[in-house]
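Thank you all for coming; I would like to take a few minutes to walk through one structure. Please have the sequence and the three-dimensional view open while I talk.

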Amino acid sequence: MQPNRRTRAKILLASGLAVVLTGGGAAAWAVDRFLVEHVEISDVSAYEAENSTVQTSDTTADDDATDAAADESAETVLTDTAYSDGATEVTISTVTSGSGDETVTYYVADVVLSDATALRSAFAKDQFGENITELTSDIAADNGAVFAVNGDYYGFRDTGIVIRNGVVYRDESARAGLAFYTDGSVEVYDETETTADELLADGVWNTLSFGPALVEDGEVVAGLDEAEVDTNFGNHSIQGDQPRTAVGVIDENHLVFVVVDGRQEGYSTGVTLDELADILVNLGATTAYNLDGGGSSTLYFNGEVVNQPSNGGERATSDILYIAGSS
């Protein structure tokens with residue numbers, strides 16, 4: 001990986017800021033806001049260990065160690081496209097449609113969780129704050145992930161409810177979010193109608209704050225062709241054919257992740273939000289939610305990046321969703 005690829009996005013943003021924001025004070029503010037790392041929690045692992053009140057699947061497994069040892073079916077199986085530890089299962093498939101300039105290639109991860117807490121979140125550099133980034137594959141490797149996708153790039157924003165692994169990190173409501181509950185249910189919710197503490201009390205394990213919602217009650221959400229991204233400086237339109245990442249809900253503890261490649265003529269042009277929603281409905285999703293896309297869209301499995309990110313290599317991001325491999 002060439003070093004300039006990891007910093008290309010920040011270099012381009014810095015250049016844009018220098019041109020657009022002609023006032024010295026304004027430019028300094030923008031660089032500080034969008035480029036300089038602002039670390040609020042320097043050791044997330046320790047912070048979660050101290051503050052999470054949720055019993056995870058790892059804790060349950062320790063309590064049931066004797067039963068698990070006696071269960072021969074718990075043997076871990078790992079291939080190029082599938083993982084199973086006897087409880088959690090991940091199956092990766094590749095789909096290509098169209099031809100020529102209309103070719104679309106995307107990757108599907110069908111995930112059956114042993115327990116809702118088997119799907120975890122991790123932050124870049126094991127730190128929480130703004131503008132802290134790392135490659136999806138590096139975050140995944142640091143956390144022993146067998147499977148991972150990029151998250152919602154929380155660190156580019158200073159708004160949104162951020163609950164990860166049963167711990168509240170931010171409570172600044174702004175948009176429609178996605179909540180994963182410890183009972184295996186997942187729902188789209190309005191951040192402005194609740195608080196992080198209320199969500200935690202109701203059993204929320206993880207939240208995502210990006211969007212828009214793509215599918216609700218098994219139907220494509222109306223108006224996706226008019227959806228707008230947040231108005232933070234440096235954001236781009238989410239319309240048109242783009243690389244995409246999304247998560248869909250098939251049933252309790254049964255999820256599907258879709259990563260669509262794009263901006264690569266003859267290989268994959270990308271999809272619109274409506275087309276992404278259609279893919280998820282066809283996969284059986286009753287609820288689906290759009291995550292950070294573009295150059296961030298990355299699917300990692302068994303130590304490798306499976307898809308072909310549009311930047312010619314991975315773009316650093318602030319967080320991932322992942323499943324840890326069985327040791």
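This is a predicted model: local features need pLDDT of at least 70, side-chain atom pairs count only at pLDDT 80 or more; totals for chains, interfaces and linings use all residues.

Five strands make up an open sheet here, and reading across it the order is S6-S21-S8-S19-S20, with antiparallel pairing. Strand S6 (120–123) and strand S20 (304–305) lie at the edges, and each has a single partner strand, so one side of each is left without a neighbour in the sheet. Within this sheet, strand S8 (residues 145–150) and strand S19 (residues 299–301) run antiparallel and are joined by three bridges; if you look for Ala148, you will find that its bridge partner in S19 is Tyr300.

Let me turn to another sheet, an open one of three strands in the order S12-S11-S13, where the pairing is antiparallel. Its edge strands are strand S12 (186–190) and strand S13 (204–208), each of which pairs on one side only, and neighbouring strands of this sheet are turned by 30° against each other on average, direction ignored. Strand S11 (residues 176–181) runs antiparallel to S12 and is joined to S12 by five bridges, with Leu178 standing opposite Val188 in S12.

Finally, the surface, where Asp101, Glu102, Asp241, Glu265, Glu275 and Asp278 gather in a patch of negative charge.

Technical notes. Residues are numbered from 1 along each chain as its sequence is written. Side-chain values use heavy atoms; hydrogens and water are left out. Patches are made of residues with over 30% relative accessible area and no salt bridge: like charges are joined within 9 Å, nonpolar side chains (Val, Leu, Ile, Met, Phe, Trp, Tyr) within 5 Å. Accessible areas come from the Shrake-Rupley method with a 1.4 Å probe; for residues, only the protein chains shown count as cover. A salt bridge is a side-chain nitrogen of Lys or Arg within 4 Å of a carboxyl oxygen of Asp or Glu. Lys and Arg count as positive and Asp and Glu as negative; His and the chain ends are not counted. The place of a charge is taken as NZ of Lys, CZ of Arg, CG of Asp or CD of Glu. Two strands pair if DSSP finds at least two bridges between them. Helices (H or I, at least four residues) and strands (E, at least two) are DSSP runs, numbered from the N terminus. Axes are lines fitted to C-alpha atoms, for helices over the stretch in contact, and angles run from 0 to 180 degrees between N-to-C directions.
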